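Hi everyone, thanks for coming. I'd like to walk you through one protein today, so please have a look at it while I talk.

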Amino acid sequence: MGPIGVKAHLAPFLPSHPVISTGSATYMGKSAKPFGVVSAAPYGSAAILPISWAYIKMMGAKGLKRATQVAILNANYMSLRLSNHFKTLHKGKGNLVAHEFIIDVRDFKKTAGVEAVDIAKRLMDYGFHAPTMSWPVTGALMIEPTESEDKAELDRFCDALIHIRKEISDIETGKIDKLNNPVKRSPHTLQQIFSSSWDRPYTREEAAFPAPFVRSDSKMWPSVGRIDDSYGDKNLVCTCPPMEEYLSPYIVNDGSSADQEDTKETASA
């Protein structure tokens with residue numbers, strides 16, 4: 001990431017670096033109270049600049065203008081397609097948006113017990129990674145289609161959200177259970193779908209293939225089911241294997257003491 005500004009009262013707590021003195025440590029001295037290091041490089045990734053430069057050079061002036069136009073067009077098309085199902089926040093003149101738009105899903109928590117995270121996880125069952133969640137509006141979803149997706153893909157994403165809205169409506173009307181339903185128990189893994197036991201009030205098809213365009217030959221299956229996000233954020237668990245696991249069986253003897261001991265043992269055997 002690039003530079004991030006904070007207010008003065010947060011300056012003492014900005015990240016530090018063990019090799020290079022960062023800004024807060026330089027001008028605040030002992031009053032600086034950094035909480036640690038968040039990046040190997042003190043000011044973020046240097047690759048940001050050459051990547052941006054290469055994109056601009058390859059696109060050229062006409063290409064950048066065209067990409068901007070298509071990105072804005074895509075966002076407004078999707079916002080309009082979803083307007084009968086979701087409310088778009090912060091629209092500008094003529095009810096238009098820029099290159100991204102925010103759909104408000106906060107009311108569903110009151111009417112159906114469904115939050116933005118539930119919709120985000122349910123989208124995985126439709127084969128989509130969720131858009132930005134709860135930023136910049138808490139409890140909302142920010143969708144940024146960019147210029148790279150064709151209309152068929154935009155429609156497929158809209159159709160997925162419209163299907164999910166219908167599932168939420170079924171919860172609101174009592175047609176399906178408020179807790180034990182495809183939205184609240186999403187995402188559904190391949191292991192769950194093919195398990196010999198299925199104790200849910202909805203079918204496996206409703207869980208994993210909820211729309212005609214969701215097919216087994218093109219579906220990206222989630223690797224894990226529903227987890228407790230809050231608990232995971234507060235209780236980090238390292239699943240890294242020990243360093244010995246990274247050793248290659250084909251490493252050439254480098255003359256180290258350990259290798260010499262191994263050679264002696266092999267010779268004596």
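Let's begin with the parts list: this protein has nine helices and four strands. Helices here are DSSP runs of H or I with at least four residues, strands are runs of E with at least two, and both are numbered from the N terminus. Following the sequence, the pattern reads α-α-β-β-α-α-β-β-α-α-α-α-α.

A word on where this comes from. The model is predicted, with local features needing pLDDT of at least 70 and side-chain atom pairs counting only at pLDDT 80 or more, while totals for chains, interfaces and linings use all residues. Residues are numbered from 1 along each chain as its sequence is written, and side-chain values use heavy atoms, leaving out hydrogens and water.

Now the sheet. In what order do the four strands sit in the open sheet? The order is β1-β2-β4-β3, with antiparallel pairing; two strands pair if DSSP finds at least two bridges between them. At the edges are β1 (87-89) and β3 (132-133), each pairing on one side only.

Please find β4, residues 140-143, which is joined to β2, residues 101-104, by four bridges. Ile103 stands opposite Leu141 of β4, and Asp104 has Ala140 as its bridge partner. Two bridges join β4 to β3, again antiparallel, and there Met133 is opposite Leu141. The hairpin of β3 and β4 has six residues between the strands, and Ser134 in this hairpin takes a positive phi near 60 degrees.

Here is a handy rule: in a regular strand the side chains alternate between the two faces of the sheet. In β4, Ala140 and Met142 point one way, Leu141 and Ile143 point the other way, and all are buried. Buried means under 20% relative accessible area, exposed means over 50%, and partly exposed is in between, using a 1.4 Å probe and protein chains only. Of the protein's 269 residues, 30% count as buried.

That takes us to the inside. The largest nonpolar core has 31 residues, and Ile119 and Leu161 have the most contacts within it. Such a core is a set of buried Ala, Val, Leu, Ile, Met, Phe, Trp, Tyr and Cys residues joined through side-chain atoms within 4.5 Å. At least two residues each come from α2 (48-81), β2, α4 (116-125), β4 and α5 (151-172), and α5 gives the most, with nine. Another core, of five residues, lies apart from it and includes Leu89, Ile102, Val137 and Met142.

Is Cys158 buried or exposed? Cys158 counts as buried because its relative accessibility is 0%, whereas Cys240 is exposed, at 55% relative accessible area. Across the whole structure, a search finds zero disulfides, a disulfide being a pair of cysteine sulfur atoms within 2.5 Å.
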